[in-house]
Amino acid sequence: MKPATATPLLETHDLSFRFGARPVVHELNLRVEAGSIYGFLGPNGAGKSTTMRLLLGLLRPATGSVQLFGHDLARHRVALLGRVGALIESPSLYDHLTGRENVEATRRLRGVPAPRTAEVLALVGLTADAHRPAREYSLGMRQRLGLALALLPDPDLLLLDEPTNGLDPTGIIEMRALLRSLGHEHGKTIVVSSHLISEIEKTVTHVGVIQRGRLVFQGSLPDLQRLQAGRAQLVLETASADTCRNLLPRLLAGATVAGPGTLHLPWLSREHAAELAAGLVAAGQPLYSLHQEQPSLEDTFLHLTEAAVNE
Ligand SMILES: Nc1ncnc2c1ncn2[C@@H]1O[C@H](COP(=O)(O)OP(=O)(O)OP(=O)(O)O)[C@@H](O)[C@H]1O
């Protein structure tokens, strides 16, 4: 991985966008370090595609700016976008042409040297299928061919909008492996959007979560995992949840009843768990089980996005 530099490779400053009177992206401050694989997450309609289009200069921001490689996109659009490869929506391919011919057509248009065709086909794992017409390709192969086109000019930054959308499990696994290899072995900085954290959590180094056009979390994957650990719960199984709450109001402050005999409360410490166990026994209540439960990363992601909706 390339070392992180002081200036992020991609940065937005209070980036906002409206469709008519409707705000869709709101004061977004993204920060993508060189060498990172940045997962841009959010539920459907959160504003991911709109943001990707703003990052590519395809939409004009209402306010704010995009900085690529330390320069303002609005002022140096052509030069900066020459260093960016993008996959937005399904790639437009010539179905009657082979995979190799598709790459060749774009390569000539862009004036890229001829040896690059074989290189990009190899990068995306399509060498063996390059002689087949694109109409015979699976959705996953089509996405990889689209990525091959995006890789032709050897870009430093890749912007990929939901590249795993609609793929079968094999296609998702292949796309993940490809992104890891492009990031870690070929030094590309990648921004990849998804509405499912499970599809990209094994791939990304950093995460930005957007909800209703606002960034509700941004940090490294370990930062997100720490947030997840901070949401651990203590799950208690007893005979009557209500009786226990009445008998032990202090120890069970903050507990929620999850079933007739089940209580959930925020995990505080091992000592608190031990004190609770002793308190229940002293109060003559049966203790069937007491354990710590970690929320899944998916739960934490939902929590972040739901909290933003309820604000
Ligand atoms: N051309 C348009 N005109 C008006 N509103 C639009 C237009 N395109 C998108 N929107 C609205 O902007 C909001 C953000 O859409 P966007 O496509 O950026 O979200 P997204 O996070 O990419 O979602 P998805 O994963 O469903 O594509 C949505 O509420 C959408 O309905």
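How far apart do the end C-alpha atoms of residues 10–237 lie, and what percentage of the span is helix and strand? The end C-alpha atoms of residues 10–237 are 49 Å apart, and the span is 33% helix and 28% strand. Helices (H or I, at least four residues) and strands (E, at least two) are DSSP runs, numbered from the N terminus.

This is a predicted model, in which local features need pLDDT of at least 70, side-chain atom pairs count only at pLDDT 80 or more, and totals for chains, interfaces and linings use all residues. Residues are numbered from 1 along each chain as its sequence is written.

**Domains**

An unreviewed UniProt entry annotates residues 10–237 as "domain: ABC transporter". UniProt positions follow the numbering used here, feature names are shortened, and annotations may be inferred rather than shown by experiment. The domain assignment gives domain 1 as 10–227 and domain 2 as 233–293; such bounds come from an automatic or database domain assignment. Between the C-alpha centres of domain 1 and domain 2 there are 47 Å.

**Around the ligand**

Let's turn to the ligand. The residues around it are Phe19, Val24, Gly42, Asn44, Gly45, Ala46, Gly47, Lys48, Ser49, Thr50 and His195; a residue qualifies if its C-beta atom, placed from the backbone, lies within 6 Å of the molecule. Helix H1 (residues 48–55) supplies the largest share of this shell, three residues. By type, the shell has three nonpolar, seven polar and one charged residue. Here Ala, Val, Leu, Ile, Met, Phe, Trp, Tyr, Cys and Pro count as nonpolar, Asp, Glu, Lys and Arg as charged, and the others, Gly among them, as polar.

**Two nonpolar cores**

A nonpolar core is a set of buried Ala, Val, Leu, Ile, Met, Phe, Trp, Tyr and Cys residues joined through C-beta atoms within 7 Å. Buried means that 20 or more other C-beta atoms lie within 10 Å of a residue's own, exposed means 12 or fewer, and partly exposed is in between, with C-beta atoms placed from the backbone.

The largest core holds 62 residues, and Leu10, Val120, Ala148, Leu159, Ile190, Val191 and Val192 have the most contacts inside it. Helix H5 (residues 139–151) contributes the most to this core, six residues. A second, separate core has nine residues, including Leu234, Ala241, Cys244 and Leu263.

Two residues are in contact if their C-beta atoms, placed from the backbone, lie within 7 Å. Setting aside residues up to four places away in sequence, Leu159 touches Met52, Leu55, Leu56, Val84, Ala86 and Val191.

Ala241 sits in helix H9 (residues 241–247) and counts as buried because it has 21 C-beta neighbours inside 10 Å. With the sequence neighbours up to four places away left out, Ala241 touches Val257, Pro260, Gly261, Thr262 and Leu263. The C-alpha atoms of Ala241 and Val257 are 6.4 Å apart, although 16 residues separate them along the chain.

**Loop residues**

Asp154 is partly exposed, with 14 other C-beta atoms within 10 Å, and Arg212 is partly exposed with 18.

Asp156 also lies in the loop between H5 and S8. Why is Asp156 counted as partly exposed? Because it has 17 C-beta neighbours inside 10 Å, Asp156 falls into that class. Beyond its neighbours within four places in sequence, Asp156 is in contact with Arg83, Lys188 and Thr189.
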